[in-house]
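Open the model in your viewer and keep the sequence panel beside it. This tour goes from one selection to the next and says what is there.

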Amino acid sequence: MKISILIFGSDKFIARLPDQICDANSFNLEVITNLNQAISCIQSTPPDILILQASCDGSLELCCWLKEQTKLSWIYCILLEDRSQLLLDRSKYGRDWELEMTSIALQEGADAYIWQSPTELSSSQSLLLAQLNVGLRKAQKYRDLIRTNDLLSAIALADSLTELSNRRALEWDLPRQIQKARTNGTPLSLIILDVDYFKKVNDTYGHLVGDRLLQLLSNRVRQNLRYQDTPFRYGGEEFVIILSHTSCDEAVVVARRLNRIVGEQPFAINNQLSINVTISLGAACLRMEDDVNGISLLNRADQCLLQAKAAGRNCVISCENYLSHHTSHLRVVSS
């Protein structure tokens, strides 16, 4: 991806910039002269580097505004000083005054402050290219950091054994899904499933076989979900599936299908060993009174799972909500 540069300045100002900056093959370049448009552009599509013409109306305000945006602090801001009065004062007051003005500009939010005197155009262009390289290095480091953070986030939210999302990911995603469902007025349901008698598998064949069984089961479940269904390993042999745009009755259909698909064919651990297992499932749908984090929704589905276990395992139990009576009942669905 090419580095993006936003220039806040006039056509005459752009004409004085080094040709390398305006090279479309090297950079994605955008030019804006309106302050509000510039702010809107930065907010929607933040550039890597911002070059400001000091004499352009709003440039100093833009510089100060950018300094206050903590989430945009990585943007490298170069302020080119071309105001005629300040250029005259610079030659009049000398080096100490120039350094004081540079200090003020940096305090206002600029990362670099360059005097663009017509008599020093070559040297100012060389300095601008040097500062541009600084901005390029900073942009590249920022992108590398983002990639690293994305990778670490993916690792932190993934279950290393099954490659499903983990419980931490569920705790992040479920509130988001609930908010989305309530905003859009769409149904949301949830399934908790548990491998029946999984401890017996570990005790009989060992934990490595148990781990392999969980991997195979996760793959089978994942391959038989719809595109809008999101599976998570909740812990041990327990899994949660968020079903967006799914009513209670539809959640039961999904749960019944998973129950059948898991139980109808043994899992081939290796060439010598295949294991038959079944799963118990609890299904619940989002209610108006449920909390924003989904704790009550999870708890209802978990209670249904416990009922499925008590009912003999290898079955689906759903918790249906009848708002008109403010009551609920459990429905056992045969496998």
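## Stop 1: Ring pairs

Begin by selecting Tyr142, which is partly exposed at a relative accessible area of 26%. The model is a predicted one. Next select Trp97 and Trp115: their ring centres are 5.9 Å apart and their planes stand at 45 degrees, so this pair counts as tilted. Trp97 belongs to helix H5 (residues 95-108) and Trp115 to strand E5 (residues 112-115), so the pair ties together parts 18 residues apart in sequence. Both Trp97 and Trp115 are buried.

How many aromatic pairs does the count come to? It comes to 4 aromatic pairs. Go back to Tyr142 and show Trp74 with it: the ring centres are 4.4 Å apart and the planes are at 10 degrees, so the pair is stacked. Trp74 sits in the loop between helix H3 (59-68) and strand E4 (76-81), while Tyr142 is in helix H6 (residues 121-156), so the pair ties together parts that are 68 residues apart in sequence. Is Trp74 buried or exposed? Trp74 is buried, at a relative accessible area of 14%.

## Stop 2

Select residues 238-244, which make up strand E8. Of the 7 residues in E8, 7 are buried, so the strand is largely enclosed by the rest of the structure. Show the side chains of E8: Glu238, Val240, Ile242 and Ser244 point one way, and Phe239, Ile241 and Leu243 point the other way.

Now follow the chain from E7 into E8. The two strands form a hairpin with 2 residues between them. Select Gly236 in that turn: its phi is positive, at about 60 degrees.

## Stop 2: Asp229

Stay in strand E7 and select Asp229. What is its relative accessible area? The value for Asp229 is 7%, so this residue counts as buried. Show Arg226 as well: the side chains of Asp229 and Arg226 make a polar contact at 2.8 Å. Apart from neighbours within four places in sequence, the residues in contact with Asp229 are Ile241, Ile242, Leu243 and Val254.

## Stop 3: Helix H2

Select residues 35-44, which form helix H2, and colour its buried residues Ala38, Ile39, Cys41 and Ile42. They cover an arc of only 165 degrees around the axis, which puts them on the same side of H2. The spacing follows a general rule: an α-helix has 3.6 residues a turn, so residues three or four places apart point the same way.

What covers the buried residues of H2? The cover includes strand E1 (3-8), strand E2 (27-32), strand E3 (49-53) and helix H3. Turn the view to the face of H2 directed away from its buried side, where the exposed residues Asn36, Gln37, Gln43 and Ser44 are found.

## Stop 4: Charges over rings, and a loop

Select Arg220 and Phe267. The charged end of Arg220 sits over the ring of Phe267, 3.7 Å from the ring centre. Then select Arg313 and Tyr197: Arg313 lies over the face of Tyr197, at 4.4 Å from the ring centre.

Keep Arg313 selected and look at its place in the loop between helix H11 (295-310) and strand E12 (316-322). Arg313 has a relative accessibility of 28%, so it counts as partly exposed. Its phi is near 70 degrees, a positive value in a residue other than glycine.

End with Asn314, which is also found in the loop between H11 and E12. Asn314 is not a glycine, yet its phi is positive, at about 55 degrees. With a relative accessible area of 27%, Asn314 is partly exposed.

Notes. Residues numbered from 1 in each chain as written. Predicted model: local features only at pLDDT ≥ 70, side-chain atom pairs only at ≥ 80, totals over all residues. Heavy atoms only, no water. Buried < 20%, exposed > 50% of the residue type's maximum accessible area, 1.4 Å probe, protein only. Helix = DSSP H or I, 4+ residues; strand = E, 2+ residues; numbered from the N terminus. Pairing = 2+ DSSP bridges. Phe/Tyr/Trp six-rings, centres within 6.5 Å; stacked < 30°, edge-to-face > 60°. Lys NZ or Arg CZ within 6 Å of the ring centre and 35° of its normal. Arc of directions from axis to C-beta. Contact = heavy atoms within 4.5 Å. Polar contact = N/O pair within 3.5 Å; in protein donor to acceptor, adjacent residues only side chain to side chain.
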